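The sequence and the structure are shown first, and the discussion follows.

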Amino acid sequence: MVSGTLSNACRLTWILRSNFTFAASYQSCFQSHWITFGQKSRRLIHCNQSLPRVGVACAVFDSNRLDDLHVLLVKRKHAPAKHLWSFPGGSLMFGETLAGGATREVMEETGIKVTTMGSVFKVVDGIFRGEDGRIEYHYVIINHLGLGTGTPIPCDDALAAQWLPVSRAPSMVSCHDGLSEALSDATKALTIFLSLNDNDKSCKSIRINSLNRY
C-alpha cells in the first residue's frame, strides 16, 4: 500500500514538473517573439513567427485630384519591405476594427486623415523570406480603399510619404512587390465606389472614363 502511494506520488510529481517545464518553456518562447519598442509595441522583432499576423493597409487617393489620380505611398523604414514604397499600413491592434486600423496607420505614417473609407478591395499573403529562403515574416494583409487630401508628413514607420500619379508611380520609385497589381485593383475598385456614390458632392466632377486607362 505504501509502495503504491509512493508510486502515485512520484507520478504526480513528474506530471507537475513536466507541466511546469512546458509552461516555462512556452512563456519563454512567447516572450522571445514580442518586445515593447516605443510606441510600436506590436512590432515583430523576432524573425520567427509562430502564427501569421493580420496586417491592414489603405490605398488612399487624393480626393482633390480624382480626374488625375494620385495615390498616397510611403517608403518603409523597417523590415519587411525596408526602403521600398507601398501603401501606408501595419499590424492590426487588439480590439481594433479593420477600417479603424487602416485609418490609424495612414494617420500615423503620413499625417493624412482618411475622410472617406471604402471597402476591402484586396487580401494578400504577405510572406517574406530571408536570403537563406526561410520565412521571416508572414502577414495576411487586408487592403482598404480610401479618400483623403493634404500634405503628407512622414513619421512613425515611414521614411518618406508622397502623393504619386497612379499611372507613373511604379516607375518613379522602388516599389514593393505586387504594388503595380494592387494599384490596378485599387483603381478598378475606386471606379465602382465612385459610381455607387455619385451623389456625393466630391464625386460629381469625376470622369469615370478617365479611370479606365490605368
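## Overall architecture

Of the 214 residues in the protein, 39% are buried. The model is a predicted one. The accessible surface amounts to about 12500 Å², and carbon and sulfur atoms account for 57% of that area.

Five helices and seven strands make up the secondary structure of the protein. Read from the N terminus, the elements follow the order α-β-β-β-β-α-β-β-β-α-α-α. When contacts between residues at least 6 apart in sequence are considered, 66% of them join residues at least 24 apart.

## Nonpolar cores

In soluble globular proteins, nonpolar side chains tend to be buried together. In this model, the largest nonpolar core comprises 29 residues. Phe61, Leu73, Phe87 and Leu190 have the most contacts inside this core. At least two residues each are supplied by β1 (53-62), β2 (70-76), β5, β6 (135-148), β7 (158-165) and α4 (179-196). Helix α4 provides the largest share, with eight residues.

Another core, of ten residues, lies apart from the largest one. Its members include Cys58, Val60, Leu72 and Val114.

## The aromatic pair

The structure contains one aromatic pair. Its partners are phenylalanine 87 and phenylalanine 121, with ring centres 6.4 Å apart and an angle of 80° between the planes. The geometry is classed as edge-to-face because the angle between the planes is over 60 degrees.

## Salt bridges

Side chains of opposite charge can pair when their charged atoms come close. The count of salt bridges in this model is eight. In one of them, the side chains of glutamate 109 and arginine 76 meet at 2.7 Å, N to O. This bridge links distant parts of the chain: glutamate 109 is in helix α2 (residues 98-110) and arginine 76 is in strand β2, 33 residues apart. How exposed or buried are these two partners? Glutamate 109 has a relative accessibility of 0% and therefore counts as buried. Arginine 76 is likewise buried, its relative accessible area being 11%.

A further salt bridge brings together the side chains of glutamate 181 and lysine 122, at 3.3 Å, N to O. Here too, distant parts of the chain are linked, since glutamate 181 sits in helix α4 and lysine 122 in strand β5, 59 residues apart. Lysine 122 counts as buried because its relative accessibility is 16%.

## A charged network

Salt bridges with shared partners connect Glu96, Arg104, Glu105 and Glu108 into one network. Within it, the side chains of glutamate 105 and arginine 104 meet at 3.0 Å, N to O. Glutamate 105 has a relative accessible area of 0% and is therefore buried. Arginine 104 is buried as well, with a relative accessible area of 14%.

Conventions: Residues are numbered from 1 along each chain as its sequence is written. This is a predicted model: local features need pLDDT of at least 70, side-chain atom pairs count only at pLDDT 80 or more; totals for chains, interfaces and linings use all residues. Side-chain values use heavy atoms; hydrogens and water are left out. Rings of Phe, Tyr and Trp (its six-membered ring) pair if their centres lie within 6.5 Å; planes under 30 degrees apart count as stacked, over 60 as edge-to-face and the rest as tilted. A nonpolar core is a set of buried Ala, Val, Leu, Ile, Met, Phe, Trp, Tyr and Cys residues joined through side-chain atoms within 4.5 Å. Buried means under 20% relative accessible area, exposed over 50%, partly exposed in between (1.4 Å probe, protein chains only). Helices (H or I, at least four residues) and strands (E, at least two) are DSSP runs, numbered from the N terminus. A salt bridge is a side-chain nitrogen of Lys or Arg within 4 Å of a carboxyl oxygen of Asp or Glu. Contact means heavy atoms within 4.5 Å. Accessible areas come from the Shrake-Rupley method with a 1.4 Å probe; for residues, only the protein chains shown count as cover.
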